[in-house]
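I opened the notebook to go through side-chain pairings one kind at a time. The entries follow the order in which I looked things up.

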Amino acid sequence: LTVNEKRNNLEDVSITCNNIGLVYFKLRNYDESLKFYQKSLLAKQKSGSTFDLDRLYTNMALCYNQLNAFAEAEKSIQEAFKACGNNCSDEIVMEAELALGVSLLNSKRSVEAIDHFNKSLDLSKKLKSTRFEMEILSLLA
């Protein structure tokens with residue numbers, strides 16, 4: 001990160017910050033994770049890069065869910081879908097729909113959440129993503 005910052009290579013700064021954010025997320029340090037995701041977003045905005053912007057917004061939404069900031073999570077999901085437009089990969093849609101379902105469920109909007117979980121579940125089966133399928137089935141239960 002330091003080398004990329006010294007070189008003022010904003011694209012690489014963004015990618016590195018997203019990866020560091022993921023590490024903190026896996027360590028369950030959601031505040032630190034979100035800081036790096038936001039730093040990644042800032043670098044993308046400064047450089048005009050849209051590479052993996054949909055994934056970054058989805059990652060941010062997952063963090064916001066863990067921090068009980070459900071309105072922010074939903075805004076991040078909207079931005080993720082806006083970033084990829086009509087070209088969203090099935091993997092991004094699967095992850096975003098899951099994150100949106102979690103946000104809605106925790107916002108006491110379970111009927112809406114079920115619809116999003118089912119969309120994500122269908123994609124998890126199509127993509128043969130057993131991990132996501134099990135996670136979604138658990139949430140539906």
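Which side chain meets that of glutamate 74 in a salt bridge? I noted first that the model is predicted. I then found that the partner of glutamate 74 is arginine 109, at 2.9 Å, N to O.

**Entry: the bridge from glutamate 74**

I looked up where the two residues sit. Glutamate 74 is in helix H5, and arginine 109 is in the loop between helix H6 (90-106) and helix H7 (110-126), so this pair ties together parts 35 residues apart in sequence. I checked accessibility for both. Glutamate 74 has a relative accessible area of 17% and is buried, since the cut-off for buried is under 20%. Arginine 109, at 30%, is partly exposed.

**Entry: other salt bridges**

I searched the structure for salt bridges and got nine. I followed up some of them.

I looked at lysine 75, which forms a salt bridge with glutamate 72; their closest N and O atoms are 3.5 Å apart. Both residues are in helix H5 (residues 70-84), and because they are three residues apart there, about one helical turn separates them. Lysine 75 comes out partly exposed at 45% relative accessibility. Glutamate 72 is also listed as partly exposed, with 34%.

I then took lysine 82 and glutamate 79, whose side chains meet in a salt bridge at 3.2 Å, N to O. This pair too is three residues apart in helix H5, so the separation is about one helical turn. Lysine 82 is exposed, with a relative accessible area of 60%, whereas glutamate 79 is partly exposed at 28%.

I also noted a network of salt bridges that links Arg55, Glu91 and Glu95.

**Entry: cysteines**

How many disulfides does a search of the whole structure find? I got one. It joins cysteine 84 to cysteine 88, with an S to S distance of 1.8 Å. I computed the torsion about this S-S bond as about 75°, so the disulfide is right-handed. Cysteine 84 has a relative accessible area of 10% and is therefore buried.

I asked next about cysteine 17. Cysteine 17 is in no disulfide, and the nearest cysteine sulfur, that of cysteine 63, is 13 Å away. The cut-off I applied for a disulfide is 2.5 Å between sulfur atoms. I recorded cysteine 17 as buried, with a relative accessible area of 0%. Cysteine 63 is likewise buried, at 0%.

**Entry: aromatic pairs**

I looked for aromatic pairs and found two in the structure. Tyrosine 24 and phenylalanine 36 make a stacked pair, 5.6 Å centre to centre with 15° between the planes. Tyrosine 24 belongs to helix H2 (residues 10-26) and phenylalanine 36 to helix H3 (residues 30-47), so the pair ties together parts twelve residues apart in sequence. Tyrosine 24 counts as partly exposed at 26% relative accessibility, while phenylalanine 36, at 16%, counts as buried.

Phenylalanine 25 and tyrosine 30 form an edge-to-face pair: the centres are 5.2 Å apart and the planes are at 65°. Is phenylalanine 25 buried or exposed? I found phenylalanine 25 to be buried, with a relative accessible area of 18%. Tyrosine 30 is buried as well, at 16%.

**Entry: methionine 60**

I ended with a residue picked for its surroundings. Methionine 60 is placed in helix H4 (residues 53-66). Its relative accessibility is 3%, so methionine 60 counts as buried. Which residues is methionine 60 in contact with, leaving aside its neighbours within four places in sequence? I listed Leu34, Tyr37, Gln38, Leu41 and Ser76. I also looked up one C-alpha to C-alpha distance: methionine 60 and alanine 80 are 9.6 Å apart in space and 20 residues apart in sequence.

How values were computed. Residues numbered from 1 in each chain as written. Predicted model: local features only at pLDDT ≥ 70, side-chain atom pairs only at ≥ 80, totals over all residues. Heavy atoms only, no water. Buried < 20%, exposed > 50% of the residue type's maximum accessible area, 1.4 Å probe, protein only. Phe/Tyr/Trp six-rings, centres within 6.5 Å; stacked < 30°, edge-to-face > 60°. Helix = DSSP H or I, 4+ residues; strand = E, 2+ residues; numbered from the N terminus. Contact = heavy atoms within 4.5 Å. Salt bridge = Lys/Arg side-chain N within 4 Å of Asp/Glu carboxyl O.
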